[in-house]
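Here is a short tour for anyone about to set up calculations on this protein.

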Amino acid sequence: MLDVTSDAQLGKKPCATDLKVDVSSENFVQAVYKARESVEFAVGKKKFHAYKVADIPGADKLPYALFVLLENCVRRAKDDDEAALLAGRIVSAALEGTKGAEIPFMPARVLFQDFTGVPVFVDFAAMRDAMAARGGNPERVSPRIPCTLVIDHSVIADEAGTSCSALTNRLKEVERNRERFAFLKWAAKSFDNVRIVPPGEGICHQLNIERFCEVVSTDALSDQTVPVACFDSLVGTDSHTTTANGLGILGWGVGGIEAEAAALGQPISMLVPPVVELKLTGRLPQGISGMDLALTVCERLRAEDVVGSLVEVTGDGVGTLSATQRACVANMTPEYGATTTLFPVDTPTMDYLWLTGRSEEQIRLIEKYLDLQDMLQKSSDRMYAKTIEINLAEVQQSLAGPSRPHRRVVPAELTTRFEEGVIAHGHNPHEMFDIQLKGQRYQIGHGTVAIAAITSCTTATDPTMMVQAGLLAKAAVDKGLHTAPWVKTILAPGSHAAAMILDRAGLSESLEQLGFAVCGFGCMSCIGNSGSIAAPLHNIADHIELASVLSGNRNFDGRISPDVAQNFLMEPALVLAYALTGTVNCDLTSTPVGHAADGTPLMLSELMPSDDEVAQILASVLTPELYEEGGIGLLSGYPEWSSIPASSSATFDWDLSSTYVRRPSYFEEARTGDSIKIQGARSLALLGDFVTTDHISPAGSIASDGPAARYLIERGISEDNFNTFGSRRGNHELMMRGTFANVKLVNKLAAGKTGGWTRNFVDGTLTSIFDAAMDYRSKHIPLVIIAGKMYGSGSSRDWAAKGPALLGVRAVLAESFERIHRSNLVQMGVIPLQFVEGQNAETLGLDGSEEFDLSEIKLDQLIAGHTSCRVCARKAHGDRVHFECVVRIDTPTEADFVRAGGILPYVLNDLNTA
């Protein structure tokens, strides 16, 4: 029995013992055995098999998310006994509201975006070479479950604001990325179960819910002759894979190395997570959007500390939300540290599936399968570890920033929030600057908007928000308003269907007149592909606190543009409003967004459309035919893509002169063994709290004065052709040079310099992190990273683990880790060590200059959460600091990865011996 007081504090319902579910009983075991005897059902003339788990004792009390995991484990178990063991772990953990033991999860499919997808397929190509070198069949290295890669992160807003921007940017995208695009075309031809969505079609998460989500799928790994129906589920190499949760599909973001193992048929090892209930009541007020709700949920759940939990949405308020409003909320899941934000499958879900073109057969399959699993009956007694309630009627118009998605603020308080940041950065918030632009002189201040971007799967997925912005643009144009001349305006819809909605509503022309012409179909500003800002702003960026406004999900330091100090998230209509004002240092509830031709001040409230106006337009333009037309040519691409040649050979013909695609060295450099002992390690970086994967992983533009630039210049690449780190992720030699090189990184070893600098303790010099790491490597000195809370928060960037591993980092000592990044470190053979509660570098008196000795870690004796490593930090003057760290290798499978030298050698060994 759990402690009664603890249960009451968490708001839990009775535990498993009270419900008399004995998972070791004969009754329970026999019920699992029976569930393993698949049943047959028909949809029309087509027959399916299914594993019905609804009759397993306790299954009716499981949250929907754990019910899906239960079915997954029972179906994929090697035998009946393993199925009973795994089912017992899920039911026990769920009904007791605790984190459970290890289970394997085998998703139905994998979703990739190109930045994180290219290195995955580079790894596959390298694995084929390694397999051939071992005398095996290289073609055995191939995805075993469906994999979809969408090229959506390569397009840059080099040109924006004109009707030809999209074509210009598309041509530049193909020109810059021809090598990697040719590699991807080879991958599509050479590997099984791979489809590539060419550039210029949309954002992976929006296309996923519009085109690829099935809700009910079939098991690609089954050897039965009759298709085995199962819940659609996925993992993706972008943390916002959770967008699919809005359609009731269990899925989340993982690192690329974890995703590639899943693609090769290796289940993902996880501990049964606690499930938190997010209960929604009421209805959103007039004018309040899905983004307002998403930011409200983000703030609340971050405060509730749901890190590592599955969140499941319930309550009468859910039925008042459209499928795309739900997707907007689900998209923001990583911003409060949860694994999922899963909505139910109900009438709005089915309506959306019908609207976006799912076949009648697919709709009927969903209905029959959910009915078979007793999932169509609403249940009020499912067991949750904790319940959090939000009244939708209390949601307000919201923004978030300047550097954290969970820092919600209402428009009336934005000035105060902004000026706090200005002062914190050492500026006078009332300082003014003179600039000259296109022959005109302007006086601007801190808060000047450099970039206004309507982009990202967060909001572009929702037709309501896009139409609302279009109607606001029309009202502004009708009143004679203009966008501030220094603002770079970006419109990057998430799909062609999203752009067609604006066209058919007659709103594209007004948006274009304000500079919001479509400039491409991709993530753009949300991932830092904003292109250059107005030259006069760039020239004074070191002195003025510039701002960006975007309808995205990430606003971390330096992410949107290296020239922009403060980034704010908001709905598309507000992006447009701040583009009109030209500054965020204003209160839009009391300050006009502009003045009409006759001088009349115009307030935002006068220009914002009503919900009825938006609904009327959507009723006239949203049809299945629109989505059908928007999907034409989805997999064939533009002529520029079609003209790129690609072979279909079993192994890839590496171009040794390529600066985009290089064969990685993971298999040659893998460290293997049953134990780990690190002696004489030096600290490469001493970092604070909330160091994100954006700080660690190379992303965005390549600085002209760093080791990465030096590498390219030495190979004859001019600065004009540097492209971005994201586009060059298939080159490990370049990526390791950009690791920890974010311009906003604060390394306490760098004597006050920000960016990729550190102290080399061998010779005492201040140098780049890469150069220091290479010097340490030449002297066989292992490295560690020391950090604070939530190390590795943010996007699921696999290079945030790959880069440090290649630099020679053997362990990371932190107060806590973000879920995906901790897993990725383990998968690259880097050991996550967590300070015990109440201790950190500061309390222990560590300044990073010490040499670190770590006691031996025996991998076969690990007990998750309990195995400790004793660390001795030796200071230069002879003093020693001794302390304990918890070894965060959390499952036996993770220990196997480390023993093999990482997950990639582990999978290769498995494939070679199978």
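## The chain as a whole

Helices here are DSSP runs of H or I with at least four residues, strands are runs of E with at least two, and both are numbered from the N terminus. Counted that way, the protein chain has 34 helices and 34 strands. Please keep in mind that this is a predicted model.

How compact is the protein chain? Its radius of gyration is 27 Å, close to the 29 Å that the globule rule gives for 914 residues, so the chain is as compact as a globular protein of that length. The C-alpha trace spans about 85 × 75 × 60 Å along its principal axes. Of the 914 residues, 63% count as buried. If we take the contacts with a separation of 6 or more, 77% of them join residues 24 or more positions apart.

## Helix H13 and its two partners

Two packed helices are described by the angle between their axes and the distance between the axes. Helix H13 (residues 347-355) and helix H14 (residues 360-372) pack at an angle of about 160°, with 10 Å between their axes. Angles over 145 degrees count as roughly antiparallel, and that makes H13 roughly antiparallel to H14. The crossing of these two helices is right-handed. On the H13 side, the contact is made by Met350, Leu353 and Trp354; on the H14 side, by Ile363, Ile366 and Glu367. By class, these residues divide into five nonpolar, no polar and one charged.

H13 also packs with helix H12 (residues 323-331), here at an angle of about 105° and with the axes 9 Å apart. H12 and H13 are therefore roughly perpendicular to each other. Ala323, Thr324 and Arg326 of H12 meet Pro348, Thr349 and Tyr352 of H13. This contact has three nonpolar, two polar and one charged residues.

## Helix H34

Which residues of helix H34 are buried? In this helix (residues 903-913), they are Ile903, Leu904, Pro905, Val907, Leu908 and Leu911. An α-helix has 3.6 residues a turn, so residues three or four places apart point the same way.

Ser165 lies in helix H7 (residues 165-176). With a relative accessibility of 0%, Ser165 counts as buried. Leaving out residues up to four places away in sequence, Ser165 touches Glu159, Ala160, Val518 and Cys519.

Arg662 sits in the loop between helix H25 (639-642) and strand E26 (675-686). Is Arg662 buried or exposed? Buried means under 20% relative accessible area, and Arg662, at 18%, is buried. Beyond its neighbours within four places in sequence, Arg662 is in contact with Val122, Trp654, Asp655, Leu656, Ser657, Tyr711, Gly730, Asn731, His732 and Glu733. Arg662 and Pro892 are 230 residues apart in sequence, and their C-alpha atoms are 32 Å apart in space. Thr98, in turn, is found in the loop between helix H5 (80-96) and strand E3 (102-105). Its relative accessible area is 24%, and Thr98 is partly exposed. Thr98 and Tyr384 are 286 residues apart along the chain, with their C-alpha atoms separated by 9.4 Å.

Note on methods: Residues numbered from 1 in each chain as written. Predicted model: local features only at pLDDT ≥ 70, side-chain atom pairs only at ≥ 80, totals over all residues. Heavy atoms only, no water. Axes fitted to C-alpha atoms, helices over the stretch in contact; angles between N-to-C directions. Parallel < 35°, antiparallel > 145°, perpendicular 65-115°, else oblique. Left-handed = near helix turned anticlockwise from the far one by under 90°. Contact = heavy atoms within 4.5 Å. Nonpolar A, V, L, I, M, F, W, Y, C, P; charged D, E, K, R; others polar. Rg over C-alpha atoms; globule rule 2.2 N^0.38 Å. Buried < 20%, exposed > 50% of the residue type's maximum accessible area, 1.4 Å probe, protein only.
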